[in-house]
Amino acid sequence: MALHAPFREKLGWRDESRLTFRVWPNDLDVNLHMNNARYLAMMDIGRFDLAIRCGFAGLVWREKLKPVVASALVRFRRSLAPFQQFTLRSRVIGWDEKWLFIEHRIESGGDLYCQAVVKALLLGRAGGWPTAELLRSLAVQAPATEIPDWLAHWQAAEGGLRG
């Protein structure tokens with residue numbers, strides 16, 4: 001994917017990345033379906049593709065930023081079987097001053113198998129890189145924050161978690 005992404009169609013800030021995969025034997029758990037951790041690993045690949053094709057991977061490289069995930073909200077709906085082909089769809093669905101919220105959907109045959117939203121940021125030497133800087137660097141005209149109501153509730157609920 002990393003070798004092909006730079007040559008694929010460029011994406012805009014809110015466009016969707018689509019990647020196709022197949023479930024291989026090393027993806028399986030003891031129940032002979034795709035292991036839950038593999039779903040999350042595939043989503044990492046989706047975010048990487050999105051970053052390259054939206055243009056902010058170059059920014060990450062130049063500014064020596066580290067993309068990090070702080071949390072994920074995941075819903076597993078169906079099991080992926082051995083050798084089953086599936087599509088991973090990834091897109092930015094919201095942001096605030098600090099965080100990006102990226103949705104991942106794993107689908108096969110028109111059915112939703114897994115849906116997740118990850119809360120991520122770009123980490124620089126001085127801490128989290130402001131989203132406004134990211135938008136400015138990509139020459140994107142967008143509001144300072146754009147978060148769907150349900151996502152704002154999740155964000156607020158996370159504030160109460162201690163650990």
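Which strands are included in what covers the buried residues of helix 4? Let's find out in these close-up views of a predicted model.

**Before you look.** In this predicted model, local features need pLDDT of at least 70, side-chain atom pairs count only at pLDDT 80 or more, and totals for chains, interfaces and linings use all residues. Residues are numbered from 1 along each chain as its sequence is written, and side-chain values use heavy atoms, leaving out hydrogens and water.

**View 1. Helix 4 and its cover.** Helix 4 spans residues 149-158, and its buried residues are Leu151, Trp154, Gln155 and Glu158 (buried means under 20% relative accessible area, exposed over 50% and partly exposed in between, with a 1.4 Å probe and protein chains only). These residues lie on the same side of helix 4, because they cover an arc of only 100 degrees around the axis (the arc is taken from the directions from the helix axis to the C-beta atoms). Asp149, His153, Ala156 and Ala157 are exposed on the other side of helix 4. And the cover? It includes strand 2, strand 3, strand 4 (100-108) and strand 5 (111-124). Helices (H or I, at least four residues) and strands (E, at least two) are DSSP runs, numbered from the N terminus. Contact means heavy atoms within 4.5 Å.

**View 2. An aromatic pair, Phe101 and Trp154.** Rings of Phe, Tyr and Trp (its six-membered ring) pair if their centres lie within 6.5 Å; planes under 30 degrees apart count as stacked, over 60 as edge-to-face and the rest as tilted. By this rule there are six aromatic pairs. Phe101 and Trp154 make an edge-to-face pair, because their ring centres are 6.3 Å apart and their planes stand at 65 degrees. This pair links distant parts of the chain, with Phe101 in strand 4 and Trp154 in helix 4, 53 residues apart. Both Phe101 and Trp154 are buried.

**View 3. Gln84 in a loop.** Look for Gln84 in the loop between strand 2 (66-76) and strand 3 (85-95). Gln84 counts as buried because its relative accessibility is 17%. Not counting residues up to four places away in sequence, Gln84 touches Phe21, Arg22, Val23, Ser79, Ser108 and Tyr113.

View 4. The structure holds zero disulfides (a disulfide is a pair of cysteine sulfur atoms within 2.5 Å).
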